[in-house]
Amino acid sequence: MINDNILITLTSCVFFMGLVAWISWRNTRGGVDSKDGYFLAGRGLSSTFIAGSLLLTNLSAEQLIGLNGSAYGYNLSSMAWEVTAAVATIAMALIFLPRYLAGAFTTLPEFLNDRFDADVRRLSVILFMLGYGLVTIPAVLYSGSIAVMQLFDIQALLGLDYFPALATTVFAIGLIGSIYAIFGGLKAVAVSDTINGIGLLIIGILVPVLGLIALGDGQFGQGLSKLVQDHPDKLNAIGKADDPTPFGTLFTGMLFANLFYWCTNQYVIQRTLGAASLAEGQKGVLFSGFFKVLVPFMMMIPGVIAFHLYGPSLGSIDQAYPRLIRDVMPVYLAGFFLAVLLGAVFSSFNSLLNSAATLFCLDVYQPWRKGKASDRDLVRTAKIASVIIALFSFVVAPLLYFAEQGLWQIIRIFTGFYNIPTVVIVIVGLFTHRVPALGAKIVIIFHVITYALLRFVFDEVITLHFLHQYAILFVIEVAIMLACGIWKPRETAWKFTPNAKVDLTPWHFARPLAATLFSCVVALYLLFSSVGLASSHGLGALFYSLLFSLVLANIIYWTWTAKSQPSARPI
């Protein structure tokens, strides 16, 4: 595709990327000189920009290849990582976000400092910065570069061996992505994410449609029939014990992993902290949850289509999506697709870069200056920190190529060092008033030591799925904190100090929309199960009756909410 039409592809790609950059510049000029303007987009993000940025921050090129590869090689069980995230967005919108905005917090460690003490703040910053700097940011650059190389054969294009081509791609992607984060702050990131998100939705819909047309020999309907009738087991999302994502993990560790990601992970929640109001923040977060429900159709069904087209003969499951793209994507759309793909990579990278700089400036540099740093100093320091972090990631990212355990194993191992203790500390901190800082410190130290033993000493002895291990650690660590609250409670109960800088009136329809979102998750699992399309008999009476019950319950709830008076109090 790209070898025969390189000029058209690159020209159209540069045009689309230039358009995104121009729109981002128009929306951010003159508004990033202050602390709130640079780190929180002036606390003026609307629901559209919040939803678009959350979508692109969470979805990147490696997921296009990885999720489709999982669907090609196994089934739809891995959709759990995306679909159940919608439940975490509900928790963020209704439980966490009102409290974050009420305190006008800019970072999560800032909240932990208010709830516990400066030591807990420092420990959390260390965990986040090490995780971001050593693993997450380089991994996003590396995996995104791998995806671009696979889809567009960068080796042949540049005439380089694999590793030099990888390093060149990493540097090019990282350099362009850094520009958004360093010079435009959070608002530039959010605006560019939203525009690229629209492009991702277009591509996400277009690829399965074109794939079904190819599967049906030019007939969309015939291709759809083949998809649902042949090999129905490929459409099963209820994972077995030997599937990539066993169904039981949805109710244990995956729940807490998603809570960490969507409710406490700085680089995800930062755009919600910049919401113009609680209502706008709730709309944006919940809308992003609906996008997550669409992910199986955009990022997994193409993998199933690839299985029908090519059979199990591909050398690697990761070849499924690149092969499908090369076969069904029209040449005149190749540049647009490349721009969207790069936009998805840029989004994750520049969001992480912006958040890492935010953590350093507001939780390390500003306390060190004892609050005497001016807004100008903070913004300048953030830009310098971003440059240093970016350059460091350019060096580390290509080195992941030499990791014997593979990228996903590295990400899984190192994320586990800080995700569960963060969730535990935040939840206990929000919902208790006497648990002391000592409990948080013990939990962090306990988790790091215990998790290291599980991963590096007893990994071959303990065969329990790592998500189930997350759940066990969560329960133990909550118990530790509550025990500390009984053993050595705070002398004075912690009291939340309101410091709201935006309107905290909740959106009247937040709860019914959350109920509808949860219903969509349930409906999706019904559709992709033995009750639905995964059955050789197709959709039956049981499926339709359960679906009707969900729809009826939603109609009743929405009608009751519409007739009730809007609440004037924060949720």
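Residues are numbered from 1 along each chain as its sequence is written, and side-chain values rest on heavy atoms, with hydrogens and water left out. Because the model is predicted, local features need pLDDT of at least 70 and side-chain atom pairs count only at pLDDT 80 or more, whereas totals for chains, interfaces and linings use all residues.

**View 1. The packing of helix α8 against helix α18.** Helix α8 (residues 118-152) packs against helix α18 (residues 375-399) at an angle of about 60°, and their axes lie 8 Å apart. Helices are DSSP runs of H or I with at least four residues, numbered from the N terminus. Axes are lines fitted to C-alpha atoms over the stretch in contact, and angles run from 0 to 180 degrees between N-to-C directions. The helices α8 and α18 are therefore oblique to each other, a term for angles that are not under 35 degrees (roughly parallel), over 145 (roughly antiparallel) or 65 to 115 (roughly perpendicular). The crossing of α8 and α18 is right-handed, that is, the near helix is turned clockwise from the far one by less than a right angle. To the contact (heavy atoms within 4.5 Å), α8 gives Met129, Gly133, Leu134, Ile137, Pro138, Leu141 and Tyr142, while α18 gives Ile389, Phe392, Ser393, Phe394, Val396 and Ala397. These residues comprise eleven nonpolar, two polar and no charged; nonpolar covers Ala, Val, Leu, Ile, Met, Phe, Trp, Tyr, Cys and Pro, charged covers Asp, Glu, Lys and Arg, and polar covers the others, Gly among them.

**View 2. The largest cavity.** A cavity is a set of points on a 1 Å grid over the protein atoms alone where a 1.4 Å probe fits but cannot get out, and lining residues have an atom within 4 Å of a point. The structure holds one cavity of 30 Å³ or more, and the largest cavity contains about 40 Å³ of space. Its lining consists of Leu112, Ser124, Leu127, Pro421, Thr422, Ile425 and Ile444. Two or more of these residues come from each of α8 and α20 (419-431), with α20 giving the largest share, three residues.

**View 3. The second largest pocket.** A pocket is an open set of points with protein on both sides within 12 Å along at least five of seven lines. The second largest pocket has a volume of about 340 Å³, a volume being the space filled by probe spheres set on the points. Among its 17 lining residues, Val148, Ile154, Ala172, Leu338 and Leu342 are the closest to its centre. The largest share of the lining, five residues, comes from α10.
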